[in-house]
Amino acid sequence: AGGFVFGAGQICFALAIDRIGMGLGFVINLGLGIGLGFLLPLALQHRDQVLTPFGLATLLGTLFAVAGLVVSSRAGALRERERGSVSGASTAGRSRHALGVLLATLAGLSSAGQNVVFSLTRGLQESAASMGASPFASANILWPGFLLCAFVPYALYTLYLHFRNDSFGSYRLEGTAGYHALAALMAALWYGSVVSYSKASQLIGEIGPLIGWPMFMVLIILTSSFWGWRHREWEGSSSQARLAMKQGLALLVLAILVLGLSSSLHATGSAAAQTPAAGGAR
């Protein structure tokens, strides 16, 4: 179920990028994924950690990430408003931007669900390990089934577009082989990142999805924002819009630093808990 919802949400994400751009689309999608992807596992599975130094620091880092999302979204709204006023189609531009934000929000909710499902199925990893699976295999036992279900809405939507546009022949157009190779490379890199996150979460331990997920998402946002700038999505924007975007990115960098601190706090707390009290049994 989680895989199917995730796949449907990422169709919304693809449509959102077409309307509001890569940088802002990633910020909204993954910004929501950060907040809910962290808060829901914390509330459902680790309530006892909320008021610890680790829990408070991780919550603070997540709040910085969400604040970065809000500021960056404002920057995108300023950019679209400026483009609308220049083109004389401000009403249409606002409607297109609003729809893009809505689609990116739906995608963000599905992204959060990805980590919630990963956190709730931790027992699946433990079962795989107890049955002899390697640590690497058990860390990633969820994804084949999850992603197979995520593929279903992707495939249905792709077939719908092909039938609607009569575009099946596009795969055979001259010069498209390079695009197919790039799509395959993108898929390998994306799955590689998921595999790396799963292994890192396993190494961190029980609270891996709490520490690892926000950091994973923030780094994706920073990378996608770089490519947004690289492809000149902000060219022609006012200094006010550019400043707002830079402020949003600064908050995301701050979130990374605070989340790194929270992981060290958890490691210190765990070590202290395992150390026998002075004067104890010899």
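Let's start at one residue: the side chain of Thr176 reaches the backbone oxygen of Leu173 at 2.8 Å, a polar contact (a pair of N or O atoms within 3.5 Å; within protein, one must be able to donate a hydrogen and the other to accept it, and residues adjacent in sequence count only if both atoms are side-chain atoms). The model you are looking at is predicted, so local features need pLDDT of at least 70 and side-chain atom pairs count only at pLDDT 80 or more, while totals for chains, interfaces and linings use all residues. Residues are numbered from 1 along each chain as its sequence is written, and side-chain values use heavy atoms, with hydrogens and water left out.

Where does Thr176 lie? Thr176 sits in the loop between helix 7 (143-165) and helix 8 (177-204); helices are DSSP runs of H or I with at least four residues, strands are runs of E with at least two, and both are numbered from the N terminus. Thr176 counts as buried because its relative accessibility is 13%; buried means under 20% relative accessible area, exposed over 50%, and partly exposed in between, with a 1.4 Å probe and protein chains only. Setting aside neighbours within four places in sequence, Thr176 is in contact with Ser170 and Tyr171, where contact means heavy atoms within 4.5 Å.

The loop between helix 7 and helix 8 also holds Asp166. With a relative accessible area of 68%, Asp166 is exposed. Its phi is near 50°, a positive value in a residue other than glycine.

Let's step back to the whole chain. Here you will find 10 helices and zero strands, and reading along the sequence gives the pattern α-α-α-α-α-α-α-α-α-α. Of the 282 residues, 39% count as buried. Among contacts in the chain with a separation of 6 or more, 81% are between residues 24 or more positions apart. The chain exposes about 15000 Å², and carbon and sulfur atoms supply 69% of that area; accessible areas come from the Shrake-Rupley method with a 1.4 Å probe, and for residues only the protein chains shown count as cover.

Now to the surface. Leu36, Leu99, Leu102, Leu106 and Leu109 form a nonpolar patch with about 400 Å² of accessible area together. Patches are made of residues with over 30% relative accessible area and no salt bridge, with like charges joined within 9 Å and nonpolar side chains (Val, Leu, Ile, Met, Phe, Trp, Tyr) within 5 Å. Which helix gives the largest share of the nonpolar patch? That is helix 4 (residues 90-120), with four residues. Leu109 lies in helix 4 and is partly exposed, with a relative accessible area of 43%.

Charges come next. Side chains of opposite charge can pair when their charged atoms come close. How many salt bridges does a search of the whole structure find? The search finds one, a salt bridge being a side-chain nitrogen of Lys or Arg within 4 Å of a carboxyl oxygen of Asp or Glu. The side chains of Arg122 and Glu126 meet in it at 3.7 Å, N to O. Both residues lie in helix 5 (residues 122-130), four residues apart, about one turn of the helix. Arg122 is partly exposed at 24% relative accessibility, and Glu126 is partly exposed at 48%.

Finally, the cysteines. A search of the whole structure finds zero disulfides, a disulfide being a pair of cysteine sulfur atoms within 2.5 Å. Cys12 is buried, with a relative accessible area of 16%, whereas Cys149 is partly exposed at 36%.
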